Amino acid sequence: MDNKDSEAEIHPLKTEDVKAQENHEHFVERRIVKSSGLSRLSRWRTAAFFISLFLCLIIVFAFSFIIPCPERPVSERTWFQYYNNAVPYPFLAIEDVNEDRVQDVLFAIKSSNGSSSFNTSCLDEGLPSPCAFVAAVSGTNGSVLWESPAARDLQWLECGIQQLGTAAAPGCLVVEKPLSLTALDLRTGEVLWRQSHDFGANYTLLTPLSVIPDIDEDGVQDLIILTAERGQVKVFIHSGINGQQIGTTGSLSMDGNARYVRLSLHSSFYFLFYTENSLYAYSLRDLCSAAVGVEVKLSDFQLDSHWEKHIEHATHRLELLSLLSEPLLGYYKPDDHGIVLESEIGPNRKKIMIVESESGAVQWELKLNSRAGSPGPATLPTADHRSAFLMWGDYQEPGNETRHRAPLQKLYLFHPSYTNVLLELRNSTDQISAFTAALFERSRHACYVLLRGPRPGQGPGPVSVMKRKLKEDISVSRVIWLRHMAGDDEQHIRDRLYRMRFQSRD
């Protein structure tokens, strides 16, 4: 120690150099150690990055190639379903039965057995043979989804009721002959409930049936059933949960045999009853109060001031155009309700009119030859906030009225963008029991459905159900000029209507 101290006193700079060198050596060692740690950390980060990238690639590969994505149903443009030894009922309904976002087709036939797809018979439900079967077929390809022996005989079939039974499941209501109501599960065809009821002796069922708000406050919407008999309309309200009648039976006096149509105007619901001479209007609140026996207050229901102004409240007569057939709603002008009416104007001759719903003014009309039992019209909503109108008949060119022959069954399309044009889509010689048109997918896939087979009383025979995409017929349609205008071109109009877009209305 003495020697080191003496040397430090003799060579002070040398001592500082030694300390500096020692400090530098320690710093280099620390830096080397730190650099070594950072290097190892960097290698771990690189490895983690590549592992993560590899896992991401595996996941992408799995979802892209190994795990299949849900397939969107591919709808066939045209399909058929056939039944042997059956008689069709004149009912067609369009609903999404199997919840694949494509509409399906429901119909009814009278037969001893169902199709070969289901080994069902009338005896399965304790019914005599033959009986009424309700069937649902897929809208994509026509395959049978379910079949259910539902009744001895059928008066009416109403599907798409959103709540029926204790499970509040969507369903179909079957009105049976004689005097019975049966609720079927829309998804499976199983019977939810049956309820017998005496509607009277010589009544006529007024259709379609109507779903109304929950009157008895059991959480399930209810049903209003209307019958006509000798100048009176009777009003029955039945529970949607079990089919039992609510309240008493209401009675409305009219000057003849009545038919009706229900109009939905914003938050108001009106029932129009029309006879040969008069038109009557009742609000939903009026009908419910008549059936229950006391004034009924319905939530979210409001009287329409325009309609109330035109109703004579003592008799409920309406001061508007008398309706001559069961009306159909459509849109002749953008977002403006029009009513489609068909009326007989002579033997095998009819007139089709589109009238404005508020004023009753005729917006468009057409005269057609028509055979007995010709299908009624249908409408499809288009993207320009109007409607395409489909109608059956046999158009005669001016000057050819002297031809003597049985009217053919031709399907025509009319759109208000061309008021001077008809498209002849189809020429059918088959017996058509029922016809309807619908958008089978939201805002797309416009189709029509035909139910064909022997008429009641002719005995059983072959029955077919056909769905066809509307554009398939438009592309090969025949253009009929109701009147010629400058610049008319058949192919341009055919192409323009082929490209026409459809839009669902909620």
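Let's start with an open sheet of four strands, ordered β9-β10-β11-β12 and paired in antiparallel fashion. A strand here is a DSSP run of E with at least two residues, a helix is a run of H or I with at least four, and both are numbered from the N terminus. Two strands count as paired if DSSP finds at least two bridges between them. In general, strands of a sheet pair through backbone hydrogen bonds, either parallel or antiparallel.

Before we go on, a word on what we are looking at. This is a predicted model, where local features need pLDDT of at least 70 and side-chain atom pairs count only at pLDDT 80 or more, while totals for chains, interfaces and linings use all residues. Residues are numbered from 1 along each chain as its sequence is written, and side-chain values use heavy atoms, with hydrogens and water left out.

Which strands sit at its edges? Strands β10 (residues 222-229) and β11 (residues 232-238) run antiparallel and are joined by seven bridges. Contact means heavy atoms within 4.5 Å.

Now for another open sheet, with four strands in the order β5-β6-β7-β8 and antiparallel pairing. Its edge strands are β5 and β8 (191-196), and each pairs on one side only. Six bridges join β6 to β7 (residues 180-185), and the two run antiparallel. Look for V174, which stands opposite T182 in β7.

V174 takes us to the inside of the protein. The largest nonpolar core has 34 residues, and those with the most contacts inside it are L106, L154, L157 and V174. By nonpolar core I mean a set of buried Ala, Val, Leu, Ile, Met, Phe, Trp, Tyr and Cys residues joined through side-chain atoms within 4.5 Å. Buried is under 20% relative accessible area, exposed is over 50%, and partly exposed is in between, using a 1.4 Å probe and protein chains only. Strand β5 (residues 153-164) gives the most to this core, with six residues. Among the residues that V174 touches, leaving out those up to four places away in sequence, are V134, A150, W156 and L181. Apart from this core lies another, of 27 residues, including L380 and M500.

Last topic: how many disulfides are there? A search of the whole structure finds two, a disulfide being a pair of cysteine sulfur atoms within 2.5 Å. One is formed by C122 and C131, with their sulfur atoms 2.2 Å apart. Why is it called left-handed? Because the torsion about the S-S bond of C122 and C131 is about -95°. The other joins C159 to C172, at 2.1 Å from S to S, and with 110° about the S-S bond this link is right-handed. C159 lies in β5 and C172 in β6 (residues 169-177), 13 residues apart. Are C159 and C172 buried or exposed? Both are buried.
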